[in-house]
Amino acid sequence: MRNFSLLTLLLLTSVSALGQDAAPGWLESTLYGNGKINVVILVVAVIISGIGLWMFSMDRRLRRMEKNLKK
Amino acid sequence: MKHWWWKSLAVALLLVASIAAFWVPLSPALVHVSPSRIAPGEVVIHVTGYNTHFTPEMRVFIENDGQQVCASMIETIDATHARIVMNVPQGLRASMSDLSVQGLLYPGAFYSDALGDGIENDGCGNVNKIELQTPGFTFPNRSILYESIRNLHFHVPMWFTMIVLMGISVWHSIKGLGDNSLDRDRKAVSAVHVGLLFCGLGLTTGAFWARATWGAFWTNDVKLNGAAVTALIYLAYLVLRGSIPDAHKRARLSAIYNVFAFMLLVLFLFVVPRLNAIDSLHPGNGGNSGFNDLDLDNRLRVIFYPAVAGWILLGTWMYDLRERSARLRELTEQ
(Lines give C-alpha, C1' and ligand atoms only; values in the text may rest on other atoms or scores of the structure.)
Protein backbone atom coordinates (compact mmCIF):
# COMPACT_ATOMS: atom_id res chain seq x y z
CA MET A 1 0.00 0.00 0.00
CA ARG A 2 2.71 2.43 1.01
CA ASN A 3 4.73 1.55 -2.07
CA PHE A 4 1.76 2.26 -4.24
CA SER A 5 1.02 5.71 -2.82
CA LEU A 6 4.70 6.55 -3.11
CA LEU A 7 4.66 5.50 -6.76
CA THR A 8 1.61 7.62 -7.54
CA LEU A 9 3.16 10.60 -5.80
CA LEU A 10 6.37 10.14 -7.78
CA LEU A 11 4.51 9.87 -11.06
CA LEU A 12 2.43 12.96 -10.37
CA THR A 13 5.36 15.08 -9.24
CA SER A 14 7.51 14.01 -12.17
CA VAL A 15 4.80 14.98 -14.64
CA SER A 16 4.17 18.34 -13.02
CA ALA A 17 7.92 18.96 -13.15
CA LEU A 18 7.90 18.12 -16.86
CA GLY A 19 5.17 20.64 -17.46
CA GLN A 20 7.16 23.39 -15.81
CA ASP A 21 10.26 22.70 -17.86
CA ALA A 22 8.20 22.70 -21.01
CA ALA A 23 6.93 26.24 -20.69
CA PRO A 24 9.49 28.75 -21.90
CA GLY A 25 8.41 32.09 -23.34
CA TRP A 26 7.23 30.98 -26.77
CA LEU A 27 4.75 28.53 -25.32
CA GLU A 28 2.94 31.24 -23.41
CA SER A 29 2.10 32.81 -26.73
CA THR A 30 1.04 29.56 -28.40
CA LEU A 31 -0.08 26.44 -26.59
CA TYR A 32 -0.83 27.73 -23.09
CA GLY A 33 -1.19 31.44 -23.77
CA ASN A 34 -4.87 31.59 -24.62
CA GLY A 35 -5.77 29.11 -21.89
CA LYS A 36 -7.68 26.82 -24.26
CA ILE A 37 -5.53 23.72 -23.89
CA ASN A 38 -6.04 23.94 -20.13
CA VAL A 39 -9.76 23.51 -20.74
CA VAL A 40 -9.10 20.35 -22.76
CA ILE A 41 -6.90 19.00 -20.00
CA LEU A 42 -9.60 19.77 -17.43
CA VAL A 43 -12.26 18.06 -19.54
CA VAL A 44 -10.11 14.96 -20.01
CA ALA A 45 -9.30 14.84 -16.30
CA VAL A 46 -12.98 15.14 -15.36
CA ILE A 47 -14.01 12.38 -17.81
CA ILE A 48 -11.35 9.96 -16.62
CA SER A 49 -12.08 10.67 -12.96
CA GLY A 50 -15.79 10.23 -13.65
CA ILE A 51 -15.26 6.89 -15.35
CA GLY A 52 -12.99 5.85 -12.48
CA LEU A 53 -15.64 6.76 -9.91
CA TRP A 54 -18.29 4.89 -11.91
CA MET A 55 -16.05 1.80 -12.04
CA PHE A 56 -15.50 1.95 -8.28
CA SER A 57 -19.19 2.37 -7.54
CA MET A 58 -20.09 -0.52 -9.84
CA ASP A 59 -17.43 -2.63 -8.20
CA ARG A 60 -18.89 -1.84 -4.77
CA ARG A 61 -22.41 -2.56 -5.92
CA LEU A 62 -21.42 -5.97 -7.29
CA ARG A 63 -19.54 -6.78 -4.11
CA ARG A 64 -22.59 -5.99 -2.02
CA MET A 65 -24.72 -8.27 -4.21
CA GLU A 66 -22.12 -11.03 -3.97
CA LYS A 67 -22.16 -10.71 -0.18
CA ASN A 68 -25.95 -10.81 -0.01
CA LEU A 69 -26.06 -13.89 -2.19
CA LYS A 70 -23.57 -15.70 0.01
CA LYS A 71 -25.79 -15.29 3.08
CA MET B 1 -12.12 -2.84 -1.14
CA LYS B 2 -10.45 -5.93 -2.51
CA HIS B 3 -7.58 -5.29 -4.94
CA TRP B 4 -8.26 -1.56 -4.69
CA TRP B 5 -4.61 -0.73 -5.28
CA TRP B 6 -4.38 -1.83 -8.91
CA LYS B 7 -7.74 -0.30 -9.70
CA SER B 8 -6.60 3.03 -8.29
CA LEU B 9 -3.35 2.59 -10.18
CA ALA B 10 -5.36 2.20 -13.39
CA VAL B 11 -7.16 5.50 -12.82
CA ALA B 12 -3.97 7.27 -11.72
CA LEU B 13 -2.00 6.09 -14.76
CA LEU B 14 -4.80 7.07 -17.14
CA LEU B 15 -5.09 10.51 -15.55
CA VAL B 16 -1.37 11.17 -15.67
CA ALA B 17 -0.91 9.84 -19.22
CA SER B 18 -3.97 11.54 -20.72
CA ILE B 19 -3.23 14.91 -19.13
CA ALA B 20 0.38 14.72 -20.30
CA ALA B 21 -0.76 13.65 -23.78
CA PHE B 22 -2.44 17.04 -24.18
CA TRP B 23 -0.18 19.13 -22.02
CA VAL B 24 3.15 18.41 -23.69
CA PRO B 25 3.68 20.76 -26.64
CA LEU B 26 4.97 19.77 -30.06
CA SER B 27 8.54 20.74 -30.74
CA PRO B 28 9.09 23.73 -33.03
CA ALA B 29 9.25 22.99 -36.76
CA LEU B 30 9.02 24.65 -40.14
CA VAL B 31 5.73 23.67 -41.72
CA HIS B 32 5.57 25.70 -44.90
CA VAL B 33 8.09 27.34 -47.21
CA SER B 34 7.22 29.15 -50.43
CA PRO B 35 8.14 29.38 -53.25
CA SER B 36 9.30 25.84 -53.89
CA ARG B 37 11.58 26.77 -56.79
CA ILE B 38 14.52 29.17 -56.76
CA ALA B 39 16.48 30.68 -59.61
CA PRO B 40 19.71 32.69 -59.40
CA GLY B 41 19.11 36.27 -58.29
CA GLU B 42 17.10 37.81 -55.51
CA VAL B 43 14.52 35.45 -54.03
CA VAL B 44 11.86 36.35 -51.46
CA ILE B 45 10.95 33.39 -49.27
CA HIS B 46 7.99 33.15 -46.94
CA VAL B 47 8.46 30.75 -44.05
CA THR B 48 5.77 29.49 -41.70
CA GLY B 49 6.76 27.83 -38.46
CA TYR B 50 4.86 25.96 -35.79
CA ASN B 51 5.57 26.65 -32.11
CA THR B 52 8.56 28.68 -33.24
CA HIS B 53 9.82 32.02 -32.02
CA PHE B 54 11.22 33.82 -35.05
CA THR B 55 13.43 36.84 -34.40
CA PRO B 56 15.17 39.17 -36.87
CA GLU B 57 18.52 38.00 -35.47
CA MET B 58 17.94 34.32 -36.25
CA ARG B 59 20.23 32.43 -38.57
CA VAL B 60 18.70 31.56 -41.93
CA PHE B 61 20.47 29.84 -44.79
CA ILE B 62 19.94 27.63 -47.78
CA GLU B 63 22.04 24.52 -47.91
CA ASN B 64 22.82 22.95 -51.25
CA ASP B 65 25.07 19.92 -51.33
CA GLY B 66 26.98 21.09 -48.26
CA GLN B 67 27.35 24.68 -49.47
CA GLN B 68 25.49 27.50 -47.81
CA VAL B 69 23.82 30.70 -48.93
CA CYS B 70 23.05 33.12 -46.10
CA ALA B 71 19.98 35.34 -45.94
CA SER B 72 20.56 38.94 -46.91
CA MET B 73 17.50 40.24 -45.07
CA ILE B 74 15.17 38.77 -42.48
CA GLU B 75 11.84 40.35 -41.66
CA THR B 76 9.77 38.65 -38.98
CA ILE B 77 6.04 39.17 -39.27
CA ASP B 78 5.33 37.36 -36.00
CA ALA B 79 6.71 34.43 -34.00
CA THR B 80 5.72 31.93 -36.69
CA HIS B 81 5.95 33.93 -39.94
CA ALA B 82 9.01 35.42 -41.58
CA ARG B 83 9.89 36.99 -44.90
CA ILE B 84 13.42 36.25 -45.99
CA VAL B 85 15.37 37.75 -48.85
CA MET B 86 18.24 35.78 -50.36
CA ASN B 87 20.66 36.42 -53.15
CA VAL B 88 21.00 33.05 -54.79
CA PRO B 89 24.24 32.82 -56.79
CA GLN B 90 24.72 31.04 -60.09
CA GLY B 91 26.01 27.48 -60.05
CA LEU B 92 24.29 25.48 -57.29
CA ARG B 93 25.48 21.90 -57.55
CA ALA B 94 22.39 19.91 -56.52
CA SER B 95 18.84 20.31 -57.75
CA MET B 96 17.34 20.14 -54.26
CA SER B 97 18.20 22.60 -51.51
CA ASP B 98 17.32 22.56 -47.82
CA LEU B 99 16.28 25.59 -45.80
CA SER B 100 17.50 26.09 -42.26
CA VAL B 101 15.81 28.66 -40.03
CA GLN B 102 16.88 29.10 -36.42
CA GLY B 103 18.41 25.64 -36.39
CA LEU B 104 15.23 24.05 -37.76
CA LEU B 105 15.65 22.21 -41.03
CA TYR B 106 13.14 22.03 -43.87
CA PRO B 107 14.64 19.38 -46.11
CA GLY B 108 14.11 19.59 -49.85
CA ALA B 109 12.58 23.05 -49.60
CA PHE B 110 13.60 24.27 -53.06
CA TYR B 111 14.10 22.94 -56.50
CA SER B 112 16.78 24.95 -58.23
CA ASP B 113 17.40 25.57 -61.92
CA ALA B 114 20.63 26.69 -63.55
CA LEU B 115 22.94 24.15 -61.98
CA GLY B 116 26.71 24.55 -62.05
CA ASP B 117 29.92 23.41 -60.40
CA GLY B 118 29.29 24.93 -57.01
CA ILE B 119 29.20 28.32 -55.35
CA GLU B 120 31.30 30.31 -52.95
CA ASN B 121 30.32 28.88 -49.57
CA ASP B 122 29.03 31.55 -47.20
CA GLY B 123 29.71 29.20 -44.30
CA CYS B 124 26.89 30.52 -42.18
CA GLY B 125 25.78 27.08 -41.06
CA ASN B 126 28.74 26.38 -38.82
CA VAL B 127 28.56 29.32 -36.47
CA ASN B 128 26.50 29.52 -33.32
CA LYS B 129 24.92 26.12 -33.29
CA ILE B 130 23.48 26.64 -29.82
CA GLU B 131 20.99 29.10 -31.24
CA LEU B 132 18.50 26.23 -31.44
CA GLN B 133 15.86 26.87 -28.83
CA THR B 134 15.57 24.33 -26.04
CA PRO B 135 11.85 23.95 -25.47
CA GLY B 136 12.10 21.36 -22.69
CA PHE B 137 9.93 18.27 -22.94
CA THR B 138 8.12 18.18 -26.29
CA PHE B 139 6.60 15.64 -28.65
CA PRO B 140 8.18 15.18 -32.08
CA ASN B 141 6.70 17.45 -34.72
CA ARG B 142 6.41 15.24 -37.78
CA SER B 143 4.95 16.34 -41.06
CA ILE B 144 1.58 14.74 -41.89
CA LEU B 145 1.06 13.76 -38.25
CA TYR B 146 1.62 17.14 -36.54
CA GLU B 147 -0.65 17.49 -33.48
CA SER B 148 -2.32 14.16 -34.23
CA ILE B 149 0.79 12.40 -32.92
CA ARG B 150 -0.98 12.70 -29.54
CA ASN B 151 -3.37 10.00 -30.78
CA LEU B 152 -0.58 7.51 -30.16
CA HIS B 153 -1.45 7.67 -26.46
CA PHE B 154 -5.12 6.88 -27.07
CA HIS B 155 -5.51 4.77 -30.21
CA VAL B 156 -2.67 2.28 -29.73
CA PRO B 157 -3.51 1.36 -26.08
CA MET B 158 -6.95 0.19 -27.31
CA TRP B 159 -5.22 -2.59 -29.28
CA PHE B 160 -2.85 -3.48 -26.47
CA THR B 161 -5.85 -3.81 -24.15
CA MET B 162 -7.77 -5.91 -26.65
CA ILE B 163 -4.85 -8.29 -27.07
CA VAL B 164 -4.42 -8.68 -23.29
CA LEU B 165 -8.16 -9.36 -22.88
CA MET B 166 -8.16 -11.95 -25.66
CA GLY B 167 -5.11 -13.46 -23.96
CA ILE B 168 -7.02 -13.69 -20.66
CA SER B 169 -9.87 -15.30 -22.57
CA VAL B 170 -7.77 -17.97 -24.25
CA TRP B 171 -6.03 -18.69 -20.96
CA HIS B 172 -9.38 -19.46 -19.31
CA SER B 173 -10.47 -21.46 -22.34
CA ILE B 174 -7.40 -23.70 -22.14
CA LYS B 175 -7.84 -24.11 -18.39
CA GLY B 176 -11.52 -24.83 -18.95
CA LEU B 177 -10.74 -27.59 -21.45
CA GLY B 178 -8.74 -29.24 -18.69
CA ASP B 179 -11.30 -29.12 -15.91
CA ASN B 180 -14.60 -28.76 -17.82
CA SER B 181 -15.55 -25.85 -15.62
CA LEU B 182 -18.37 -23.53 -16.64
CA ASP B 183 -16.77 -20.80 -14.51
CA ARG B 184 -13.83 -20.78 -16.91
CA ASP B 185 -16.21 -20.57 -19.84
CA ARG B 186 -17.94 -17.55 -18.31
CA LYS B 187 -14.57 -15.86 -17.74
CA ALA B 188 -13.50 -16.57 -21.33
CA VAL B 189 -16.63 -15.12 -22.89
CA SER B 190 -16.63 -12.06 -20.59
CA ALA B 191 -13.08 -11.24 -21.63
CA VAL B 192 -14.03 -11.56 -25.32
CA HIS B 193 -16.98 -9.19 -24.82
CA VAL B 194 -14.78 -6.46 -23.30
CA GLY B 195 -12.01 -7.21 -25.80
CA LEU B 196 -14.41 -6.66 -28.68
CA LEU B 197 -15.40 -3.31 -27.18
CA PHE B 198 -11.77 -2.23 -27.25
CA CYS B 199 -11.40 -3.64 -30.76
CA GLY B 200 -14.33 -1.48 -31.88
CA LEU B 201 -12.83 1.57 -30.20
CA GLY B 202 -9.49 0.85 -31.87
CA LEU B 203 -11.07 0.49 -35.31
CA THR B 204 -13.12 3.67 -34.94
CA THR B 205 -10.33 5.85 -33.56
CA GLY B 206 -8.01 4.39 -36.18
CA ALA B 207 -10.45 5.31 -38.94
CA PHE B 208 -10.57 8.95 -37.84
CA TRP B 209 -6.80 9.13 -37.53
CA ALA B 210 -6.40 7.50 -40.94
CA ARG B 211 -8.77 10.07 -42.47
CA ALA B 212 -6.61 12.87 -41.12
CA THR B 213 -3.24 11.43 -42.08
CA TRP B 214 -3.66 8.93 -44.92
CA GLY B 215 -6.70 10.57 -46.50
CA ALA B 216 -9.31 7.85 -46.11
CA PHE B 217 -11.26 6.27 -43.27
CA TRP B 218 -10.28 2.84 -44.48
CA THR B 219 -7.18 2.01 -46.46
CA ASN B 220 -6.12 -1.30 -47.88
CA ASP B 221 -3.50 -1.69 -45.20
CA VAL B 222 -2.52 -5.16 -43.95
CA LYS B 223 -2.89 -4.18 -40.36
CA LEU B 224 -6.36 -2.70 -40.91
CA ASN B 225 -7.59 -5.75 -42.74
CA GLY B 226 -5.94 -8.00 -40.16
CA ALA B 227 -7.71 -6.16 -37.36
CA ALA B 228 -11.03 -6.35 -39.19
CA VAL B 229 -10.65 -10.10 -39.77
CA THR B 230 -9.73 -10.55 -36.10
CA ALA B 231 -12.90 -8.69 -35.09
CA LEU B 232 -14.95 -10.97 -37.36
CA ILE B 233 -13.31 -14.08 -35.94
CA TYR B 234 -14.27 -13.05 -32.42
CA LEU B 235 -17.78 -12.08 -33.49
CA ALA B 236 -18.07 -15.56 -34.96
CA TYR B 237 -17.02 -16.90 -31.56
CA LEU B 238 -20.08 -15.23 -30.04
CA VAL B 239 -22.30 -16.50 -32.87
CA LEU B 240 -20.97 -20.03 -32.34
CA ARG B 241 -21.80 -19.82 -28.64
CA GLY B 242 -25.30 -18.61 -29.41
CA SER B 243 -25.96 -21.64 -31.60
CA ILE B 244 -25.26 -24.30 -28.96
CA PRO B 245 -27.99 -24.71 -26.34
CA ASP B 246 -26.19 -27.19 -24.07
CA ALA B 247 -23.93 -25.32 -21.64
CA HIS B 248 -21.18 -27.93 -21.33
CA LYS B 249 -21.04 -28.61 -25.03
CA ARG B 250 -20.98 -24.86 -25.66
CA ALA B 251 -18.13 -24.43 -23.21
CA ARG B 252 -15.98 -27.12 -24.81
CA LEU B 253 -16.61 -26.21 -28.44
CA SER B 254 -16.15 -22.49 -27.96
CA ALA B 255 -13.00 -23.07 -25.90
CA ILE B 256 -11.47 -25.02 -28.77
CA TYR B 257 -12.57 -22.35 -31.24
CA ASN B 258 -11.07 -19.69 -28.96
CA VAL B 259 -7.64 -21.31 -29.08
CA PHE B 260 -7.66 -21.11 -32.87
CA ALA B 261 -9.10 -17.59 -32.77
CA PHE B 262 -6.24 -16.41 -30.60
CA MET B 263 -3.67 -18.04 -32.85
CA LEU B 264 -5.22 -16.24 -35.81
CA LEU B 265 -5.17 -12.95 -33.87
CA VAL B 266 -1.44 -13.34 -33.30
CA LEU B 267 -0.97 -14.17 -36.97
CA PHE B 268 -3.06 -11.31 -38.31
CA LEU B 269 -1.82 -8.61 -35.95
CA PHE B 270 1.81 -9.56 -35.46
CA VAL B 271 3.05 -11.93 -38.14
CA VAL B 272 1.36 -11.00 -41.42
CA PRO B 273 1.95 -7.21 -41.15
CA ARG B 274 5.66 -7.82 -40.51
CA LEU B 275 6.24 -9.87 -43.64
CA ASN B 276 8.68 -7.95 -45.75
CA ALA B 277 6.72 -8.58 -48.91
CA ILE B 278 3.79 -6.54 -47.64
CA ASP B 279 3.80 -2.79 -47.31
CA SER B 280 1.96 -1.17 -44.49
CA LEU B 281 1.23 2.40 -43.60
CA HIS B 282 1.55 1.56 -39.93
CA PRO B 283 4.90 2.30 -38.33
CA GLY B 284 6.95 -0.78 -37.59
CA ASN B 285 5.31 -2.92 -40.28
CA GLY B 286 6.24 -3.91 -43.80
CA GLY B 287 8.95 -1.63 -45.08
CA ASN B 288 8.04 1.15 -42.64
CA SER B 289 10.06 2.09 -39.63
CA GLY B 290 8.53 2.23 -36.18
CA PHE B 291 8.16 5.31 -34.07
CA ASN B 292 11.04 4.03 -31.99
CA ASP B 293 13.74 4.51 -34.54
CA LEU B 294 13.03 8.19 -34.79
CA ASP B 295 15.64 10.36 -33.21
CA LEU B 296 13.64 11.61 -30.27
CA ASP B 297 11.20 9.06 -29.38
CA ASN B 298 11.89 8.41 -25.76
CA ARG B 299 9.80 11.51 -25.26
CA LEU B 300 6.73 9.73 -26.57
CA ARG B 301 7.48 6.56 -24.68
CA VAL B 302 7.52 8.29 -21.30
CA ILE B 303 3.81 9.00 -21.75
CA PHE B 304 2.92 6.05 -24.00
CA TYR B 305 3.88 3.23 -21.63
CA PRO B 306 1.91 4.58 -18.64
CA ALA B 307 -1.05 5.06 -21.00
CA VAL B 308 -0.82 1.45 -22.21
CA ALA B 309 -0.52 0.13 -18.64
CA GLY B 310 -3.46 2.27 -17.51
CA TRP B 311 -5.75 1.14 -20.32
CA ILE B 312 -4.79 -2.52 -19.85
CA LEU B 313 -5.60 -2.28 -16.15
CA LEU B 314 -8.90 -0.52 -16.87
CA GLY B 315 -9.82 -3.15 -19.47
CA THR B 316 -9.02 -5.94 -17.03
CA TRP B 317 -11.13 -4.21 -14.40
CA MET B 318 -14.03 -3.90 -16.84
CA TYR B 319 -13.69 -7.60 -17.61
CA ASP B 320 -13.71 -8.31 -13.87
CA LEU B 321 -16.97 -6.38 -13.42
CA ARG B 322 -18.58 -8.04 -16.41
CA GLU B 323 -17.57 -11.51 -15.30
CA ARG B 324 -18.82 -10.97 -11.75
CA SER B 325 -22.16 -9.59 -12.91
CA ALA B 326 -22.58 -12.53 -15.30
CA ARG B 327 -21.89 -14.87 -12.40
CA LEU B 328 -24.46 -13.08 -10.23
CA ARG B 329 -27.02 -13.37 -12.99
CA GLU B 330 -26.38 -17.10 -13.31
CA LEU B 331 -26.73 -17.54 -9.54
CA THR B 332 -29.96 -15.56 -9.30
CA GLU B 333 -31.49 -17.31 -12.31
CA GLN B 334 -30.98 -20.72 -10.77
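Student: What share of the contacts in chain B with a separation of 6 or more comes from residues 24 or more positions apart?

Tutor: That share is 72%. Keep in mind that this is a predicted model.

Student: And how much of chain B counts as buried?

Tutor: 39% of its 334 residues.

Student: Switching to layout. How many helices and strands does chain B have?

Tutor: Six helices and eight strands. The order from the N terminus is α-β-β-β-β-β-β-β-β-α-α-α-α-α.

Student: Which domains does the assignment give for chain B?

Tutor: Domain 1 covers 30-131, and domain 2 covers 146-333. The C-alpha centres of these two domains of chain B are 48 Å apart.

Student: Now helix packing. At what angle do H2(B) and H6(B) pack?

Tutor: About 40°, with 8 Å between the axes. H2 spans residues 152-179 of chain B, and H6 spans residues 298-333.

Student: Why is H2(B) called oblique to H6(B)?

Tutor: Because of that angle: about 40° makes H2(B) oblique to H6(B). Angles under 35 degrees would count as roughly parallel, and 65 to 115 as roughly perpendicular.

Student: Is the crossing of H2(B) and H6(B) left-handed or right-handed?

Tutor: The crossing of H2(B) and H6(B) is right-handed.

Student: Which residues in H2(B) and H6(B) meet?

Tutor: On the H2(B) side, they include Leu152(B), Phe160(B), Val164(B) and Ile168(B). On the H6(B) side, among them are Ile303(B), Phe304(B), Trp311(B) and Tyr319(B). By class, the contact of H2(B) with H6(B) has 15 nonpolar, four polar and no charged residues.

Student: What about H2(B) and H5(B): how far apart are their axes?

Tutor: Their axes are 9 Å apart, and the angle is about 140°. H5 is residues 247-271 of chain B. That angle makes H2(B) oblique to H5(B), since only angles over 145 degrees count as roughly antiparallel.

Student: Left-handed or right-handed, the way H2(B) passes H5(B)?

Tutor: H2(B) passes H5(B) in a left-handed crossing.

Student: Which residues make that contact?

Tutor: H2(B) contributes residues including Met166(B), Val170(B), Ile174(B) and Leu177(B). From H5(B), Arg252(B), Asn258(B), Phe262(B) and Leu265(B) are among them.

Student: How does the contact of H2(B) with H5(B) split by class?

Tutor: Nine nonpolar, four polar and one charged. Arg252(B) of H5(B) is part of that contact, and Arg counts as charged.

Definitions and conventions. Residues are numbered from 1 along each chain as its sequence is written. Chains are lettered from A and ligands numbered from 1 in the order in which they are written. This is a predicted model: local features need pLDDT of at least 70, side-chain atom pairs count only at pLDDT 80 or more; totals for chains, interfaces and linings use all residues. Domain bounds come from an automatic or database domain assignment. Helices (H or I, at least four residues) and strands (E, at least two) are DSSP runs, numbered from the N terminus. A residue is buried if 20 or more other C-beta atoms lie within 10 Å of its own, exposed if 12 or fewer, and partly exposed in between; C-beta atoms are placed from the backbone. Two residues are in contact if their C-beta atoms, placed from the backbone, lie within 7 Å. Axes are lines fitted to C-alpha atoms, for helices over the stretch in contact, and angles run from 0 to 180 degrees between N-to-C directions. A crossing is left-handed if the near helix is turned anticlockwise from the far one by less than a right angle, and right-handed if clockwise.
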